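Trainee: I would like a close look at one part of this protein, please. Could you take me through it step by step?

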Amino acid sequence: MAGVAFEDVRKSFGTFVALQSFDLKVEDGEFMSLLGPSGCGKTTALRMLAGLEQPTAGTIRIGDRVVNGVPPAKRDIAMVFQSYALYPHMTVAQNIAYPLRKRGVPRAERPPKVKRAAELLQLEELLGRKPRQLSGGQQQRVALGRALVREPQVFLLDEPLSNLDAKLRAHMRAELIELHQRIGGTMVYVTHDQLEAMTMSTRIAVMNGGILQQVATPSEIYHRPKNLFVAGFIGTPAMTLIEGDMVTEGGETQVRAGGLRLRLADGHCARMPSDGTGISLGVRPEDITIGAGDQNGKIRVVEPTGHESIVMIECEDAMLTARIAGDIRLGFGEAVSFDLRADRVHVFDRGTGERLNADREDVGAVRVSAVAGGVE
Ligand SMILES: Nc1ncnc2c1ncn2[C@@H]1O[C@H](COP(=O)(O)OP(=O)(O)OP(=O)(O)O)[C@@H](O)[C@H]1O
Ligand SMILES: [Mg+2]
């Protein structure tokens, strides 16, 4: 097995720049997801790793080897595409064995390799079937088997679950996590589904517009988003982001945004905004409690999902999203009081979008109450 690295890689198609200043190191044995909206350059990055596209500039390494210019077949990688076309006239066993046949692996050596891949993917019972006799999830596993049988240094997967229904996706997510633990291979996994990235990855590379935004563990990305894009992209429902100001008066730092006015603990932010005051305040839905507290608003939407309710609260000119356990009985337009965890709020520079929080462990633990009253 081997790690991979992109070093200052750029990819242009004519005048269009699909990827720029792309620096990413994937450690040996890591499960790295490339996550971002449609068109951000995920597939382009993966195709360059596979050798199906050449970078316009920069270096790509697999293990210690620079692979720029090395043809796909000589890169020791296996790629599973979104549309995993199995050969319909071949059995599962023949489909899995196909890459071995194509590479001239001696006939006698093929069955044990196919058997091992089938065992790993729990396909032993299905080896004699044709693809049309399989469910979508089983077909997906055969496509993975075809990649696995080659025992490559690196697995590249491009949205391999996107053709499956919700239940099968959840099942395959669990299977992929288990598979990665069993074979311990380096995996680079492309998805625009944050749930997939959050649940499976050791680290996630969040991308937008051909530019890498943050590379970190799922927990770090969720709790300490590096900028406004990551903050808004990760989390369902999304973090509420409200433009406002940060002011220091009499040694006390306050944030004023929408109808909110919060006192921040000393050291909550590491830096002041670049223009002196302009910030965007970020509040995760689970950091709001309804029913008591010194903030006031009006209920706009309640979406019960059974085990929890998503509630939209209008607070002056801002709309906040809250996540409340269980069902709540609140009507449209009803006045509510609520509280929010001032110690957990995210503060971003309104101009640059960069995170300003100090993210010191001790600051996160300090409970600071919200300041009563609205913005003057
Ligand atoms: N061969 C090409 N010629 C011109 N433009 C291209 C080519 N391939 C990709 N692009 C452009 O590069 C950008 C990145 O494409 P890419 O396929 O990497 O996106 P993606 O992040 O995989 O998106 P999706 O989630 O929709 O698959 C897009 O704007 C796309 O239109
Ligand atoms: Mg793509």
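Predicted model: local features only at pLDDT ≥ 70, side-chain atom pairs only at ≥ 80, totals over all residues.

Is Asp76 buried, partly exposed or exposed?

Mentor: Asp76 has a relative accessible area of 29%. Buried would mean under 20% and exposed over 50%, so Asp76 counts as partly exposed. You will find Asp76 in the loop between strand E5 (65-66) and strand E6 (77-80).

Now look at the backbone there. Most residues other than glycine have a negative phi, and most peptide bonds are trans. Asp76 has a positive phi, near 60°, although Asp76 is a residue other than glycine. Ser21 also has a positive value, with phi near 45°, but Ser21 lies in strand E2 (residues 16-26). For the peptide bonds, go to the step from Thr236 to Pro237: that bond is cis, with omega near -10°. Pro237 sits in the loop between helix H8 (228-233) and strand E11 (240-249).

To finish, let us turn to a pair of helices. Two packed helices are described by the angle between their axes and the distance between the axes. The axes of helix H2 (residues 92-102) and helix H3 (residues 110-120) cross at roughly 125° and come within 10 Å. H2 and H3 are therefore oblique to each other, and the crossing is right-handed. On the H2 side, the contact is made by Ala93, Ile96, Ala97, Leu100 and Arg101, which meet Arg110, Lys113, Val114 and Ala117 of H3. Of the residues in this contact between H2 and H3, 6 are nonpolar, 3 are charged and none are polar.

Key. Residues numbered from 1 in each chain as written. Chains lettered and ligands numbered in written order. Heavy atoms only, no water. Axes fitted to C-alpha atoms, helices over the stretch in contact; angles between N-to-C directions. Helix = DSSP H or I, 4+ residues; strand = E, 2+ residues; numbered from the N terminus. Parallel < 35°, antiparallel > 145°, perpendicular 65-115°, else oblique. Left-handed = near helix turned anticlockwise from the far one by under 90°. Contact = heavy atoms within 4.5 Å. Nonpolar A, V, L, I, M, F, W, Y, C, P; charged D, E, K, R; others polar. Buried < 20%, exposed > 50% of the residue type's maximum accessible area, 1.4 Å probe, protein only.
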